[in-house]
Amino acid sequence: MAHVTKRTRILLAAALLAGLAGCGTSNHPEGAAPVKKAAVPEPAAAPAGLPGMPPPLDPHDVYAADRPNRLSPVVKNFPSRVYVPNTNSNTVSVIDPTTYQVVETIPVGAQPQHVVPSWDMKTLWVNNDRGHTLTPIDPATGVAGKPVEVHDPYNLYFTPNGKYAIVMASLDRELVFRDPHTMARKKSVPVSCYGVNHADFSADGRYFVVSCEFSGELLKVDTEKMEVIGQQKLPFDGAMPQDVKISPDGKTFYIADMMAHGMWVLDGEKFTTPTLLPTGKGCHGLYISRDSREMYVSNRGEGTVSVFDFGQNKLTKKWKLPNGGSPDMGGVSADGKVLWLSGRYDSEVYAIDTTTGKQLARIPVGSGPHGLAVYPQPGRYSLGHTGIFR
């Protein structure tokens, strides 16, 4: 027993020394290297948005501000109208959407292509492409102001922070950054593609994707640096890309192509070769529903509208205009119930029920109606074209 007792005393002493060592400032034996704790990775910070851009209302939906009738205080008292630029008539037809009647015809410059809401939503700019002017219209009164000289303004966009207007100078082969109010030239960016046409911005506003209609190419442009940072040829012989829209979650760009008869589906961040989703002959305009669930796709060459469901990631419906037609550019009513499209080759405008696809009206206008604007629309600011609102 004495032997056992002595062994027990030794074990107890060792345990006591170990306990005292544990109360010290070091947890490792003398002379041994400290044991490093595993580093806990910092959570990845979301990329900062374009400086000066209003923060998104919903990080998962770039169109969250566009809900039915959510009109900004800036536009809430504007009369509801549809402004139709008639390219061959050099006029803008003004439609009262409650009566489906043309209530005024405004003379403008040569070949008006699009009616574009300004970033601050206070002005509508008529793009007189061959007249080399922009005609301002006051949407509160419907009165046109003095034209502003701007060369080759085929289309017009605004940076998400409102700092610049961007003129798509199609035949000049330039992206021209201008003062958003005076339209004074700030920087011209020559491009090697032909026919810069339509665009849309990334969710963070840091870049935008541009379609080049006549050379079948896409550009990726850094918004802040005002530089082309990517360019690619579409994988279709004779491609003719048109309208561009980003998905509500900001992950995918869709580019209508009137010769490939469908939409190109593009990863904007990677800017890799897109895939084609066939929709119909002459795929041309892309418009988002007020609940961000669907996109209306006008197929100008066959007189139809395809409906794409974002959640299901597929086309779910196709609406055919009675007696055909040439549905082109347009927009969705403030309440989301009516899709308005110009009939490019038929001197008419179509009003289409967004629930049933039924044609509500077919309204005669001038010759060559193109980029019509429904106004006012919900949203906090405009990115341009016929009304891209965030």
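Start with the salt bridges: there are 13 in the structure, each one a side-chain nitrogen of Lys or Arg within 4 Å of a carboxyl oxygen of Asp or Glu. You're looking at a predicted model, so local features need pLDDT of at least 70 and side-chain atom pairs count only at pLDDT 80 or more, while totals for chains, interfaces and linings use all residues. For your selections, residues are numbered from 1 along each chain as its sequence is written, and side-chain values use heavy atoms, with hydrogens and water left out.

**Stop one: aspartate 61.** Select aspartate 61 and arginine 67 and show their side chains. They form a salt bridge whose closest N and O atoms are 2.6 Å apart. Colour by accessibility next: buried is under 20% relative accessible area, exposed is over 50%, and partly exposed is in between (1.4 Å probe, protein chains only). Aspartate 61 sits at 8%, so that side of the pair is buried. Arginine 67, at 23%, counts as partly exposed.

**Stop two: aspartate 129.** Now pick aspartate 129 and arginine 130, whose side chains meet in a salt bridge at 3.6 Å, N to O. Aspartate 129 is buried, at 5% relative accessible area, whereas arginine 130 is partly exposed at 30%.

**Stop three: aspartate 243.** Move on to aspartate 243 and lysine 245, another salt bridge, with the closest N and O atoms 3.3 Å apart.

**Last stop: the cavity.** A cavity here is a set of points, on a 1 Å grid over the protein atoms alone, where a 1.4 Å probe fits but cannot get out; lining residues have an atom within 4 Å of a point. Points are joined across faces, edges and corners, and volume is the space filled by probe spheres set on them. The count is 1 cavity of 30 Å³ or more, and the largest cavity holds about 180 Å³.

Then show strand 21 (283-288) and strand 25 (327-332), each of which supplies at least two lining residues; strands are DSSP runs (E, at least two residues), numbered from the N terminus.

Methods: On a 1 Å grid over the protein atoms alone, a cavity is a set of points where a 1.4 Å probe fits but cannot get out, and a pocket is an open set with protein on both sides within 12 Å along at least five of seven lines; lining residues have an atom within 4 Å of a point. Helices (H or I, at least four residues) and strands (E, at least two) are DSSP runs, numbered from the N terminus.
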